[in-house]
Structures are given as structure tokens and as C-alpha cells.
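Open your viewer and get ready to select a few groups of residues. Let's take a short walk through this model together.

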Amino acid sequence: MLDRLDPPDRAKLTAAYHAMQFVEDDMRIGLGTGSTAEWLVRLLGARSYLEGLRVVAVSTSERTEALARSVGLRTATLEEAGWLDLTIDGADEVDPVLSLIKGGGGSLLREKIVAAASERMVVIADDGKRVDTLGAFPLPVEVVRFGWTATRKLIEDVLSSTDLDGSTISPRMKDGARFVTDEGHYILDLHLEYIDDVDSLAPRLLAVPGVVETGLFIDIADTAVFGFASGEVHELGADGETRRLDPPQDERMQRILAQLDIRG
Ligand SMILES: O=C[C@H](O)[C@H](O)[C@H](O)COP(=O)(O)O
């Protein structure tokens, strides 16, 4: 099964397929951003084509919105949809108590708003995203463009006053220019290596003038689904317990993957 995909994509698709099964008819769902979330969007598109699944989808980025429309999902703004039943999104790191680093794709602000407006947030990721301590992945911080160098200096001061002294900060670049988010802001990537005290760092960063949001998602995710290239799935719950599930090998999966043009 899934042999045509490389191992990272097999793991991402496995997680997305498992989480897709939480989606039911008539739900209002938040769609995340990134390579894992894109598998989810494609799977939902295949399900709506094959099984007539009806959902209203709110996207966390322009890119996800374009993909959702292209696979035939009914999309809406968050204002139109109101409160959401479920958001499914990727992550860059997930710790044992479901704290996350997000924003590797630059969509952390919309992602956090959409997740916060949802009854439930399910994270989907390949097994490599699971960590004991957050911070090896650079922490994205979204800042307004006006005076961003002053904002960076103030963030440096925050880091200097903690045990994160010596960390470096780099403005996110894309194609030789500064990366600009869908909301028109810059991203500063904080190279911290480890974050001992996630709970105290987040509010200190948010208190800096010019900081719009950080990629630290604390007490937001309810479940994380980790996919493995073997097809195995681990589901981490809010209680810290991990459930191990075998690869689904049913006919339905084959039909849906065939619709995505992935055959076993
Ligand atoms: O801004 C991007 C998001 O937070 C992504 O969900 C995160 O970077 C994970 O992306 P991927 O699934 O491509 O690893």
C-alpha cells in the first residue's frame, strides 16, 4: 500500500487518513496549512466526490483555500461559518502534553485563530515531529513590518533575560526577499534549541510591541495523530496516553487512495 510515495509522504498521508475519519457530514471544519494538512484536504475532496461528504471548510491560508476549492470542498470565511466543530492541522513539533510549535509554513496567525474558534483541534504529523522538549525547530514569531528591527531587538532582550540568552533570531526569507504572511506581516525565526518553560515564554514574547502572535500553541490541541511510513498510527490524547493502531487496509481506503491516484 502507498508504495508509490516516499516514506515521509506515506507517514503524513497515514496521519491525515486517520484524522479524516473524525470528519462527519455537516461539520464545519478548519483546514490547516502545510504538506500534511494538504493530504487531509485532498482526502476530504476524494471523500466528498466518492461518498458525497458535505462539510463547510474554513482555510488557514490562501494556499489551503485554493487547494480546498480545487478538490471541490465548500469553503467559507470564519465569519460566515461561525464556530467550528473541528480543526485538523499539521505541526512542526509536538511535545508530550500537546504543546506545539507551528508556523514553519508561515500561517501560524490564521491557524491559531481558526483552532481557537473550534470545539476540537486534531494535530496530524509524521512521527518525526514528536519531541520531548519543544525548541529544536526554530520558533516562528509573527511581527508587524513597521519597526520590525526594533521588535527584534526587544525580543532579544526578552531572551537575554532568560536562560535562552545566546539564541539567534533570523528574519524569514523567501526567494531572496523577506517572507510576508497572508496577513501582511514578517516572521522572525527564533533559534532556541530547547524551551524549558513554554508557559512563561509565550506571554513574554506577546508583550513585546510589534509581536502579533507566536508559533507556540499551548492548551489548544486535543489530540495528535502521528503517522508512520509503515502505516502504523499513534494517537496521543490530552491525558498523555498513546494509543497504537494498525494500518487500515480496508476497501474504503483503497477506493479513496485510488481517487487520489495512489494505488497499492
Ligand atoms: O505554517 C505552517 C503550519 O504551522 C504547518 O502546519 C507546519 O509548518 C507543519 O507543516 P508540514 O505539515 O508541511 O510539516
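Select Leu-40 and show what lies around it: leaving aside residues up to four places away in sequence, Leu-40 touches Ala-16, Ala-19, Met-20, Ile-88 and Ile-124. Keep in mind as you look that this is a predicted model.

Now widen the view. Leu-40 belongs to the largest nonpolar core, which has 63 residues. The core draws at least three residues from each of domain 1 (7-130 + 219-259) and domain 2 (139-213).

**Second stop: two domains**

Give each domain its own colour: the chain is divided into domain 1 (7-130 + 219-259) and domain 2 (139-213). Taken over C-alpha atoms, their centres are separated by 27 Å. Where they meet, the contact takes twelve residues from domain 1 and twelve residues from domain 2.

Which helix gives the most to the side of domain 1 that touches domain 2? Select residues 108-116 to find helix H5, which gives four residues. On this side of domain 1, the residues divide into three nonpolar, six polar and three charged.

**Last stop: around the ligand**

Next, show the 18 residues around the ligand; Gly-34, Thr-36, Gly-90, Gly-104 and Gly-105 come nearest. Helix H2 (35-51) and H5 each supply at least two residues of this shell, and H2 has the largest share, with three residues. Colour the shell by class to see three nonpolar, eleven polar and four charged residues.

Note on methods. Residues numbered from 1 in each chain as written. Predicted model: local features only at pLDDT ≥ 70, side-chain atom pairs only at ≥ 80, totals over all residues. Core = buried A, V, L, I, M, F, W, Y, C linked by C-beta atoms within 7 Å. Buried ≥ 20, exposed ≤ 12 C-beta atoms within 10 Å, placed from the backbone. Domains from an automatic or database assignment. Contact = placed C-beta atoms within 7 Å. Nonpolar A, V, L, I, M, F, W, Y, C, P; charged D, E, K, R; others polar. Near = placed C-beta within 6 Å.
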